[in-house]
Amino acid sequence: MGSLTSTNGEIVARVRTNINEPSTVTTPLRSDAEIMQWLHEAQLAYLHRVPQEHFPELTKSITFSGADVALPNDYMFFHSCTVTHTISGTVMAIDDCFMIPIGDSYLSTYYPGTLGAWAKITSGTTLSCGPNVVSGTFTYVKHPSFTTSSNSLFDLATEHEGPVIAYATAQALLKVNDSDAATWLQLYNEAIEAMGGRSEAKEIERA
């Protein structure tokens, strides 16, 4: 996996190269702020379509005691949760939790501990685990940061820069009704499919 080596300013410059509108243009048709917004939208759309294992740079873990842990402010996707729990008397077990859908209360009430452990998001702010959980480790995919600072490092690793830049390029071209937008969106979709991600309709749309 690649590292975080490019700055926001360098990513914006690559989009500007693709749309033939360098920063030296006196009255640009697309501002840096617009391009940064399209890049952020691109990251969100990309993360929803590519399998989580491709983003170790966004994967974080926290340990907790008891059965509940507050969802971090930068939480985006559940990755995994491993807990230590009591199954009978003083007998303990370590299990990976399976996720219970929001609103499902039957399993969390009657699930036997000898069959493993569960986790579910409650109130939209807490991850609750059971049965009889003593402690655990919660792993999640964090939300990419949004900053307009040109010196800040881009949140995704180098191997993901191409697809995200292609998406932002498509949006920048769409703004001026440039027909090349469809070509760049196709490159974006093809990169996602190559990662084993979900396909999507080829028309231009905002994330």
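The chain has a radius of gyration of 21 Å, whereas a compact globule of 207 residues would have one near 17 Å; the radius is taken over C-alpha atoms, and the globule rule is 2.2 Å times the number of residues to the power 0.38. The C-alpha atoms fill a box of roughly 75 × 35 × 30 Å along the principal axes.

This is a predicted model, in which local features need pLDDT of at least 70 and side-chain atom pairs count only at pLDDT 80 or more, while totals for chains, interfaces and linings use all residues. Residues are numbered from 1 along each chain as its sequence is written, and side-chain values use heavy atoms, with hydrogens and water left out.

The chain has 5 helices and 7 strands, which are DSSP runs (helices H or I, at least four residues; strands E, at least two) numbered from the N terminus. Their order along the sequence is α-α-β-β-β-β-α-β-β-β-α-α.

There are 8 aromatic pairs, counted for rings of Phe, Tyr and Trp (its six-membered ring) with centres within 6.5 Å; planes under 30 degrees apart are stacked, over 60 edge-to-face and the rest tilted. Two of the pairs involve Tyr140:

| Pair | Centre distance | Plane angle | Class |
|---|---|---|---|
| Tyr75 and Tyr140 | 6.0 Å | 45 degrees | tilted |
| Phe138 and Tyr140 | 5.6 Å | 25 degrees | stacked |

Ring pairs join Tyr75, Phe78, Phe138 and Tyr140 into a cluster. Tyr75 and Tyr140 are both buried, that is, under 20% relative accessible area with a 1.4 Å probe and protein chains only. Phe138 is also buried, at 0%.

Terms used:
Buried means under 20% relative accessible area, exposed over 50%, partly exposed in between (1.4 Å probe, protein chains only).
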